[in-house]
Amino acid sequence: MWRLKRFTGNRLRYNANNRFSKAEGETLKIAIVDDERIIREQVKNFIHRYCTDCTVWSYAAGEDLLAAHTKFDIIFLDIKMEGVSGIDTARELRRQQEDTILIFVTGIKEYVFEAFDVSAFHYLLKPIDEGKLREVLGRAVGEAKKKDGRRRQLFVRTKGRSLTIDQGDILYIESKAKKAEIHTVKETIEIYAAMSGLEEQLDERFYRCHRGYLVNMAYIVEYSADSISLAGGGTVYLTKKKHGEFVKAYMWFLQNGGVSCV
C-alpha cells in the first residue's frame, strides 16, 4: 500500500489541456492593472490560455479599477504607475474588498516589501516569467475557490423525499444494481440513480475508480494496485487498468491544493 503525505489548501479542477478552472457554473473575475499595454496583453493572453471559465478586465490605471466598482477574485496590480500607485490602490481595495487576492507586478525588487503592508498574495518581477506566472495563477485560483465559501451539494430523491447532501461529507458512492448507496461521514443513503448521472453532479474531488465506485479523494488514506482505503475504514475497488490514471489524478489533486479530510 502507498501512504501519501497530505497537502492542505484548496481544490482545483484540472483538465488534459493543463488548465485551471473553478467548479461547474462558477466564474472567476480577474483584473489586470498596469500602465504598460504590453504587460496587460501578456498577462491577459496567458490567463485565457490556462484558466478556463474566467472573465478578464484590463485597466491602465488604479483609478480606473476603483471606479469600476466591481468585486474581483484576483487582481494583478502594477506597483509603480502614473497617478495613484499600486500600493495606494491596494490600500483602498482592502477597505472595499478585504478578501480580494492581490498579485503585485513590478520591475523594481525594492517595491516588493511594500506589498506586505496590504497582504499581497504574491508578486511577479518584470519581465514576467511565464513559468512563474503559471505557478502563481494556479495557486491563486485555488485560493479564490477557498475564499468563495460556497458549499457544493448533491441533490437526490429517495423514498419520495428530496435530499440535499454536502459533497464534502460524502466518502464514496457505490452502485448496486439500479440503486446507489451514498456513504457519508454520518450515514448511508440508498437511492435509485445511475452512477453516470451522479458523476455529472459531483465536483473535482471525486474520481470514478471502478465501474461501481465513485471515491472522494479528500478521504483517501492509502491505495494499492486494486483498492483504495478511506478514512473511517471503508475500502473501494480500483480497476487495475485505471491505476495509472488514478495515481496521476490523485497526485495532481494533492499537489495543487487538494484539501485532506483525514
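**Aromatic ring pairs**

Reply: In this predicted model, a search of the whole structure finds 9 aromatic pairs. One of the pairs is formed by tyrosine 223 and phenylalanine 246. Their arrangement is edge-to-face, with 5.3 Å from centre to centre and 85 degrees between the planes. Tyrosine 223 belongs to strand β16 (residues 220-223), whereas phenylalanine 246 belongs to helix α6 (residues 243-255), so this pair ties together parts that are 23 residues apart in sequence. Tyrosine 223 and phenylalanine 246 are both buried.

Tyrosine 223 also forms an aromatic pair with tyrosine 250. This pair, too, is edge-to-face: the centres are 6.2 Å apart, and the angle between the planes is 90 degrees. Here again distant parts of the chain are linked, since tyrosine 223 is in strand β16 and tyrosine 250 is in helix α6, 27 residues apart.

The burial of these two tyrosines can be stated in numbers. A residue is called buried when its relative accessible area is under 20%. Tyrosine 223 has 6% relative accessibility and therefore counts as buried. Tyrosine 250 is buried as well, because its relative accessible area is 0%.

Finally, the pairs may be viewed together. Tyr207, Tyr223, Phe246 and Tyr250 are linked by ring pairs into a cluster.

Key
Residues are numbered from 1 along each chain as its sequence is written. This is a predicted model: local features need pLDDT of at least 70, side-chain atom pairs count only at pLDDT 80 or more; totals for chains, interfaces and linings use all residues. Side-chain values use heavy atoms; hydrogens and water are left out. Rings of Phe, Tyr and Trp (its six-membered ring) pair if their centres lie within 6.5 Å; planes under 30 degrees apart count as stacked, over 60 as edge-to-face and the rest as tilted. Helices (H or I, at least four residues) and strands (E, at least two) are DSSP runs, numbered from the N terminus. Buried means under 20% relative accessible area, exposed over 50%, partly exposed in between (1.4 Å probe, protein chains only).
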